[in-house]
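Please look at the sequence and the structure before reading on.

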Amino acid sequence: MPCGQQYAQGVPFAFLTLVVRCAASLRCAASALALFAPAVGHGEIEPHWTTGRLWLLRVGLAALLRVKPIAADWVWMVDHSIQIGQTKCLVILGIRLCDLPVGRALRHEDMELIALEPMRSSTRNAVAMCLENTVCQTGVPRVIVDDHGVDLHGGVEIFRKSHPETTEVYDIKHKAACLLKARLEKDERWKQYSSQLAQTKCAIQQTELAALVPRSQQSKARFMNLSELVEWGQDTLALVDDPTRLERLEFPAERVEAKLSWLKEFRNELREWLELHAVIEETLKFIRSEGLYVGVGLDLAGALSARTGTADKLRTELIEFVTIESSQARIGERLPGTTEVLESCFGKLKAIERDQSKSGFTGLVLSLGAMVSKWDGETIGKALEQVGVCQVLEWCKKKLGISVQAQRTRAYR
């Protein structure tokens, strides 16, 4: 049992595993422990969910405060997490080049939480100052990977003036989304398709055709989610073209024809847009597993399927982009080309926060530290010994201040 702790180290480990790895809610994880503990011979273990929440935050803060080796081969992945309110949270995940996996994508357990900085003013100077302050954690990084947002890219540029040995890599997923945006924003047919999608969603979501409702269009980063909208169109068009299948599925064919036959007008465009998506997916899959290195442009060209028309032009542009970015790698060096692992952590954070994500940042942002790196019962026990509840509360008070939810409660009390 960890020093000063009420529960054996296996209990916090089981709780965090349920929440972080199995996507259980905090209350569900506590209930699951209480339910199954007697069956495995551990007696009655009933930690309250708020106790488990504090375990999560203490382990996250321990990961943030943990001493990292000072080295010249660190990679920083930098991005902002945004929720309601003024506060943005600048997050830096890190991995050393010597630990970079080859042949597979980066996973959460490969990364380390380097910095977690809530900020109300996210200017390039504020980002640069945060990067400079983080140098003491790992030393000057070899590479910074970001999405080239104005504040992030500007901050990295200021940082690199003092540290020219650091290279900046543009996240390929965001670059691909920008290339796609440049094409589709000027495409009148895409505008018509998007408009029809919105009208169809409103027209059928309260009818017997509710199962065929298209996905909602996102206002932010919508071109990174092209596939969901286009694949819906392609799959639904196949239904419209096959009345016998509709009959088997018990959809009224005449109603489907009346509400969804407009998809026939976009048959060729859907095929073309799917080709664009396929080029991007093939490129991302290659870069996720292989990274950026000298000569990667030629290898990518060989790995990408031949295309025609607009898809072939996009294929050429992506190969050129990868070739340019890889020119920053040294001989024998392999660099990561995407921040997807960081974006995945943001998604998991919102899943843990659930409805709280609509009320601005809370201490749960520290759970990012529990998501990354490798944890077992022993390391979690040590983390709980090193970081107490008072340290978590002090960090939240200093970094987050009064949450939006607390302000709302005060205002409407």
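Two strands pair if DSSP finds at least two bridges between them; helices (H or I, at least four residues) and strands (E, at least two) are DSSP runs, numbered from the N terminus. This is a predicted model, in which local features need pLDDT of at least 70, side-chain atom pairs count only at pLDDT 80 or more, and totals for chains, interfaces and linings use all residues. Residues are numbered from 1 along each chain as its sequence is written, and side-chain values use heavy atoms, with hydrogens and water left out.

**The sheet**

Strand 1 and strand 2 pair in the antiparallel sense over nine bridges. Val75 stands opposite Ile95 in strand 2. The open sheet has five strands in the order 3-2-1-4-5, and its pairing is mixed. Strand 3 and strand 5 are the edge strands, each pairing on one side only.

| Strand | Residues |
|---|---|
| Strand 1 | residues 74–82 |
| Strand 2 | residues 88–96 |
| Strand 3 | residues 112–119 |
| Strand 5 | residues 167–170 |

**Helix 17**

Helix 17 covers residues 389–399, and Val392, Trp395 and Cys396 in it are buried (under 20% relative accessible area; exposed is over 50%, partly exposed in between, with a 1.4 Å probe and protein chains only). Seen down the axis, the buried residues fall within an arc of 95°, so they line one face of the helix; the arc is that of the directions from the helix axis to the C-beta atoms. These buried residues pack against helix 3 (49–65) and strand 3, where contact means heavy atoms within 4.5 Å. The face turned away from the buried side carries the exposed residues Cys390, Leu393, Lys397 and Lys398. Gly401, with a positive phi near 65°, follows helix 17.
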